[in-house]
Amino acid sequence: MAVQIDGSQGSVIATSGDYSGGVSIGGTLTYEDVTNVDAVGLITVRNGIEIGARPGVGASISVDGNMIVSGISTIVNLYVPDKIIHDGDTNTAIRFPSADTVTVETGGTERTRVSDLGLR
């Protein structure tokens, strides 16, 4: 049997299906082992998002909010609350400690400061 309908509000059970029209789901759609997803609106992802084929994933967003992007990225506006830290050298940073101020730190020590008053 290709399709089984169990009552007016029961389950539809099928191993495969082809639809020539639209499909509307008013609640939550749960699926696994999906190759392609085309979604409009808010998406909740439990295990992260990977863009591109393995190996060499172009971008990855983990469920804890970390994002890794390889290749060229064009960012129109990047908002940084305090500092940009060098990967693998955490005591080297470009900081934005206060309004109109940029500093450069190496070895955990501020080496250069530029503010609205100029270079210090």
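How many strands does the open sheet have, and in what order do they stand? The open sheet has three strands in the order 3-4-5, and their pairing is antiparallel. Strand 3 and strand 5 (67–69) stand at the edges with a single partner strand each, so one side of each has no neighbour in the sheet. On average, neighbouring strands of this sheet are turned by 5 degrees against each other, direction ignored. For such angles, axes are lines fitted to C-alpha atoms, for helices over the stretch in contact, and the angles run from 0 to 180 degrees between N-to-C directions.

The model is predicted: local features need pLDDT of at least 70 and side-chain atom pairs count only at pLDDT 80 or more, while totals for chains, interfaces and linings use all residues. Residues are numbered from 1 along each chain as its sequence is written, and side-chain values use heavy atoms, with hydrogens and water left out.

**Strands and hairpins**

Strands (E, at least two residues) and helices (H or I, at least four residues) are DSSP runs numbered from the N terminus. Two strands pair if DSSP finds at least two bridges between them. Strand 4 (residues 59–61) is paired with strand 5 in the antiparallel sense over three bridges, and M67 in strand 5 is the bridge partner of I61.

A hairpin of two residues joins strand 9 to strand 10, and S115 stands opposite G118 in strand 10.

**Salt bridges**

Side chains of opposite charge can pair when their charged atoms come close. A salt bridge is counted when a side-chain nitrogen of Lys or Arg lies within 4 Å of a carboxyl oxygen of Asp or Glu. By this rule there are four salt bridges, including those in the table.

| Side chains | N to O distance |
|---|---|
| R95 and D82 | 2.5 Å |
| R113 and E110 | 2.9 Å |
| E110 and R120 | 2.4 Å |

The salt bridge of E110 and R120 links distant parts of the chain, with E110 in strand 9 and R120 in the segment after strand 10, ten residues apart. A residue is buried under 20% relative accessible area, exposed over 50% and partly exposed in between (1.4 Å probe, protein chains only). R120 is exposed because its relative accessible area is 67%, whereas E110 is partly exposed at 29%. R113 is also partly exposed, at 24%.

D82, R95 and E105 are linked in a network of salt bridges. R95 has a relative accessible area of 22% and is therefore partly exposed; D82 counts as partly exposed at 26%.

**A nonpolar surface patch**

Y19, V23, I25, L29, Y31, V34 and V37 form a nonpolar patch on the surface, with about 740 Å² of accessible area together. Patches consist of residues with over 30% relative accessible area and no salt bridge; like charges are joined within 9 Å, and nonpolar side chains (Val, Leu, Ile, Met, Phe, Trp, Tyr) within 5 Å. Accessible areas come from the Shrake-Rupley method with a 1.4 Å probe, and for residues only the protein chains shown count as cover. L29 lies in the loop between strand 2 (12–13) and strand 3 (49–51). With a relative accessible area of 53%, L29 is exposed.
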